[in-house]
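Please keep the viewer open as you read.

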Amino acid sequence: QPAVVENRPGGDGVISINAVISAKDDHTLLWGPTANFVGHPYSLERMPYDPKELVPVARVSGTVVTIAAPASLNVGSLKELLARAKERPGTMNWTTAVTMTDIILEGFFKSSGIDMAHARYKDTVAAVNDLIENRIQLYSAAYAIHRAQAQAGRIKLLAVQARNRVPGLDLPTVSEIGFPGLNFEGLVGIMAARSSGITNAVRDRIAADVKSVSADPQVAERLAATAQLNIPGNADEFAASIEEQVAQLAASAKLLGMKPKQ
């Protein structure tokens, strides 16, 4: 059946989340990254929606997230970069593309005794440009953001923030080089509003369709082209993945003395 795709950017995902919740029907779905709404209780002054309203339907893909440094910094590994930062406290800068990775990195730096300044950007292009110019020395972002400049040799990829190595990307995971606290699974999937009355049967059918379509080589190829891992899953599997993110973020936030908004 035909489906309407309506992009609702802005507000760190709040605009699209509220659009789905306010629709109050079982055929208006949210498709996007989970890092937004998982991070909202810590990043927003107040919660403009009830997080319990979002119900997992299907896991679709995983955004490949990489850590990069300026090529001109001449560091050979993430371990070398962090060692240099520890030797020279307060002289290096870092940033990330989303709130959730902000908190994960900040918690890691605090627990590791690393003093780096957090530079905040609204524009990912500006962040990459400053990375190239060595104004910031560590940038955690989607590989799709880093890829062109890494291939051009202007920035150096140091690690992938994933549990497992990414096919086709010759890059170690943060865990295998000794920094599991920097792991971040960039989940992307489909959610529904609890108040929509969507049934488990409908959720199961959508998840089955996602899995079937994801098996199409052309779809897998297009996901790979946008630096997405092809990891379809049903509602229960998606919910479990989200809970892992929630627990990881809560642990990092606790280190920083941050409490979630209700």
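Valine 60 has its place in strand E2; strands (E, at least two residues) and helices (H or I, at least four) are DSSP runs, numbered from the N terminus. The model is a predicted one, in which local features need pLDDT of at least 70 and side-chain atom pairs count only at pLDDT 80 or more, while totals for chains, interfaces and linings use all residues. Residues are numbered from 1 along each chain as its sequence is written, and side-chain values use heavy atoms, with hydrogens and water left out.

Valine 60 counts as buried at 6% relative accessibility, where buried means under 20% relative accessible area, exposed over 50% and partly exposed in between (1.4 Å probe, protein chains only). Not counting residues up to four places away in sequence, valine 60 touches, among others, Trp31, Val188, Ile190, Val210 and Ile231; a contact here is heavy atoms within 4.5 Å.

Alanine 193 belongs to strand E8 (residues 186-193). Residues touched by alanine 193 include Val20, Glu53 and Ile198, again without those up to four places away in sequence.

| Residue | Strand | Relative accessible area |
|---|---|---|
| Alanine 193 | E8 | 1% |

Now to the sheet. Four strands form an open sheet in the order E1-E8-E2-E9, with antiparallel pairing; two strands pair if DSSP finds at least two bridges between them. Strand E1 (30-33) and strand E9 (228-233) stand at the edges with a single partner strand each, so one side of each has no neighbour in the sheet. On average, neighbouring strands are turned by 30° against each other, direction ignored. E2 and E9 run antiparallel and are joined by 4 bridges, and threonine 63 stands opposite glutamine 228 in E9.

Helix H2 packs on this sheet, touching E1, E2 and E8, and its direction makes about 75° with that of E1. Axes are lines fitted to C-alpha atoms, for helices over the stretch in contact, and angles run from 0 to 180 degrees between N-to-C directions.

Which helix does H2 (residues 34-43) cross at roughly 65°? The partner is H4 (residues 99-112), and the two axes come within 7 Å. Ala35, Val38, Gly39, Tyr42 and Ser43 in H2 meet Thr99, Met100 and Ile103 in H4.

H4 has 14 residues and reaches 20 Å from its first C-alpha to its last, close to the 20 Å expected at 1.5 Å a residue; the expected span is 1.5 Å times one less than the number of residues. Its buried residues include Asp102, Leu105 and Phe108. Among the elements covering the buried residues of H4 are H2, helix H3 (78-87) and helix H9 (235-255). Glycine 113 follows H4, with a positive phi near 70°.
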